[in-house]
Amino acid sequence: SAFWCGKLLELARQEQPDKLILLGDVLYHGPRNPLPQEYDTVAVTQMLNSVKDQLFCVRGNCDADVDQLVLEFPVLADHALMSVDGVELFVTHGHLHDDSNPPPLKQGSYLLCGHIHLPVCRSKGHFTYLNPGSLALPKEGTPRSYLTLDNGVFTWHELETGAEFQPLP
């Protein structure tokens, strides 16, 4: 969605995050979903390439090798381990690993996924499963949302208002 991608980048210009983490399905919506507002993969490509140094991305189930030909930042890794603000994150789309099929995780780490388009925070004992929800195709009446991590604290926000909200358990 060029419309919602533009809203995200406008918000990022205001908030100035260190990085934007994209959890896959960057250009395409998949065959089970309706077309998102202002469906325009060329425009989304141009917008994201313009901020490529701010982006960190993992591959979603709708991302293809050909996408890397037009995107100027890596999009084909199925997962990544990263530490942000002293928080260990296993970042993946969620179609290969999720809270019911987690990768090996250290005590206290976080599994950050997209895929289901629902804002979720769920303690799984030795790790916590997090999903920011979706900007373009939210499911089950949840708001268009994104997740921030600041000083070790995760916060879900409505994209349209910036208001904080509680994710699904």
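Predicted model: local features only at pLDDT ≥ 70, side-chain atom pairs only at ≥ 80, totals over all residues.
Local features were taken only at pLDDT of at least 70 and side-chain atom pairs only at pLDDT 80 or more, whereas totals for chains, interfaces and linings use all residues. Residues are numbered from 1 along each chain as its sequence is written, and side-chain values rest on heavy atoms, with hydrogens and water left out.

In soluble globular proteins, nonpolar side chains tend to be buried together. Here, a nonpolar core is a set of buried Ala, Val, Leu, Ile, Met, Phe, Trp, Tyr and Cys residues joined through side-chain atoms within 4.5 Å, where buried denotes under 20% relative accessible area, exposed over 50% and partly exposed the range in between (1.4 Å probe, protein chains only). The largest such core comprises 17 residues, of which Leu48, Leu55 and Phe73 touch the most other members. Two or more residues are given to this core by each of helix 1, strand 1, helix 2 and strand 2, the elements being DSSP runs numbered from the N terminus (helices H or I, at least four residues; strands E, at least two). Helix 1 gives the most, with 4 residues. When residues up to four places away in sequence are not counted, Leu55 is in contact (heavy atoms within 4.5 Å) with Lys19, Leu20, Leu22, Leu48 and Phe73. Apart from this core lies another, of 12 residues, which includes Val58, Leu89, Val91 and Leu112.

Within helix 2 (residues 41-49), the buried residues are Thr41, Ala43, Val44, Thr45, Leu48 and Asn49. Their cover includes helix 1 (2-15), strand 1 (20-22) and strand 2 (55-57).

Phe3 is partly exposed, at a relative accessible area of 25%, whereas Trp4 is buried, at 6%. The pair formed by Tyr110 and Phe154 is tilted, with 4.8 Å from centre to centre and 50 degrees between the planes. Because Tyr110 lies in strand 5 (residues 109-112) and Phe154 in strand 9 (residues 153-158), this pair ties together parts that are 44 residues apart in sequence. Tyr110 is partly exposed at 21% relative accessibility, and Phe154 is buried at 16%.

Lys52, which is partly exposed at 33% relative accessibility, pairs with Glu72, the closest N and O atoms being 3.0 Å apart. This bridge links the loop between helix 2 and strand 2, which holds Lys52, to the loop between strand 2 and strand 3 (79-84), which holds Glu72, 20 residues apart.

Asp99, Arg122 and Lys124 are linked in a network of salt bridges. Asp99 is buried at 14% relative accessibility, whereas Arg122 is partly exposed at 26% and Lys124 is partly exposed at 34%. Between Asp99 and Arg122 the closest N and O atoms are 2.4 Å apart, and between Asp99 and Lys124 the N to O distance is 4.0 Å.

Conventions
Phe/Tyr/Trp six-rings, centres within 6.5 Å; stacked < 30°, edge-to-face > 60°. Salt bridge = Lys/Arg side-chain N within 4 Å of Asp/Glu carboxyl O.
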